[in-house]
Amino acid sequence: MKIDDTDRKILVQLQQDASQSLDEIAKAVGSSKTPVWNRIRKMKEAGVIGAQTVLLDAEALGFEACFFVLIRTSEHEADWQNRFLKALQERPEVQEAHRLAGDIDYILKVRVKNARAYDAFYQALISEVKVHNVTALLSMEEIKATVALPL
């Protein structure tokens, strides 16, 4: 799907606040409601717009610790990878997981209430899948966090 300037303006508005009414979005992008709705529908059908959700404040809900977990493994077989991916997908503490190029095989962003909760997560993970080395880095301060793309 080709994205034009109007589509970009609509996407910027949705990234800022997806709960806006169609009237508010249309006004902000200089269009009327029906064409905006049609563009949004087409972008959803094309997969440009995914699930709409709500961003929660982790600290306000008691999830005060954010760890970045660096994982090295000597296992690279399909069976190990499937078990590892299943273990990550079943853990709500894992907000992000990335497979990397370089010395580190995987990096996880793990959000928990405290260090004890992280240890419980860690113990459960290593009991399910064999890893060579795990390094956990505690984030002292979140300086910037966004899910918005630079349109």
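Which residues does Leu108 touch, not counting residues up to four places away in sequence?

Modeller: This is a predicted model. In it, Leu108 touches Phe67, Phe68, Val69, Ile71, Leu88, Glu96, Ala97, Phe121 and Leu125, with residues up to four places away in sequence not counted. Leu108 also belongs to the largest nonpolar core, which has 18 residues. Within that core, the residues that touch the most other members are Ile71, Phe84, Leu108, Val110 and Leu125. Four elements each supply at least two residues of this core: strand S1 (65–72), helix H4 (78–89), strand S3 (106–112) and helix H5 (115–128). There is also a second, separate core of ten residues, and Ile10, Ile25, Val36 and Ile49 are among them.

Val112 counts as buried because its relative accessibility is 3%, and the cut-off for buried is under 20%. Leaving out residues up to four places away in sequence, Val112 touches Phe63, Glu64, Ala65, Phe67, Glu93, Ala117 and Tyr118. Another pairing concerns Pro92: it is 20 residues from Val112 in sequence, and the two C-alpha atoms are 9.4 Å apart in space.

Now to the part of the chain that a record annotates. The UniProt annotation "domain: HTH asnC-type", from an unreviewed entry, covers residues 3–64. In the model, that span is 53% helix and 0% strand, and its end C-alpha atoms lie 39 Å apart.

Helix H2 (22–29) can be taken next. Its buried residues are Ile25, Ala26 and Val29. These cover an arc of only 100° around the axis, so they are on the same side of H2. The buried residues of H2 pack against H1 and H3, and one of them, Ile25, is included in the second core. Just after H2 comes Gly30, with a positive phi of about 75°.

Helix H3 covers residues 33–45, 13 residues in number. From its first C-alpha to its last it reaches 18 Å, close to the 18 Å expected at 1.5 Å a residue. Val36, Ile40 and Met43 are buried in H3. Seen down the helix axis, the buried residues of H3 fall within an arc of 65°, and therefore line one face of the helix. They pack against H1 and H2, and Val36 is included in the second core. The face of H3 turned away from the buried side carries Thr34 and Glu45, which are exposed. Gly47 follows H3 and has a positive phi, near 85°.

The last stop is Gln20, in the loop between helix H1 (5–16) and helix H2 (22–29). Gln20 counts as buried because its relative accessibility is 17%, where buried means under 20%. The Gln20 side chain reaches two backbone oxygens: that of Gln13 at 2.8 Å and that of Asp17 at 3.1 Å. Leaving aside neighbours within four places in sequence, Gln20 is in contact with Gln13, Leu14 and Ile25. Of these, Ile25 is one of the buried residues of H2.

Note on methods:
Residues numbered from 1 in each chain as written. Predicted model: local features only at pLDDT ≥ 70, side-chain atom pairs only at ≥ 80, totals over all residues. Heavy atoms only, no water. Buried < 20%, exposed > 50% of the residue type's maximum accessible area, 1.4 Å probe, protein only. Polar contact = N/O pair within 3.5 Å; in protein donor to acceptor, adjacent residues only side chain to side chain. Contact = heavy atoms within 4.5 Å. UniProt positions renumbered as here; feature names shortened; annotations may be inferred. Core = buried A, V, L, I, M, F, W, Y, C linked by side-chain atoms within 4.5 Å. Expected span 1.5 Å × (residues − 1). Arc of directions from axis to C-beta.
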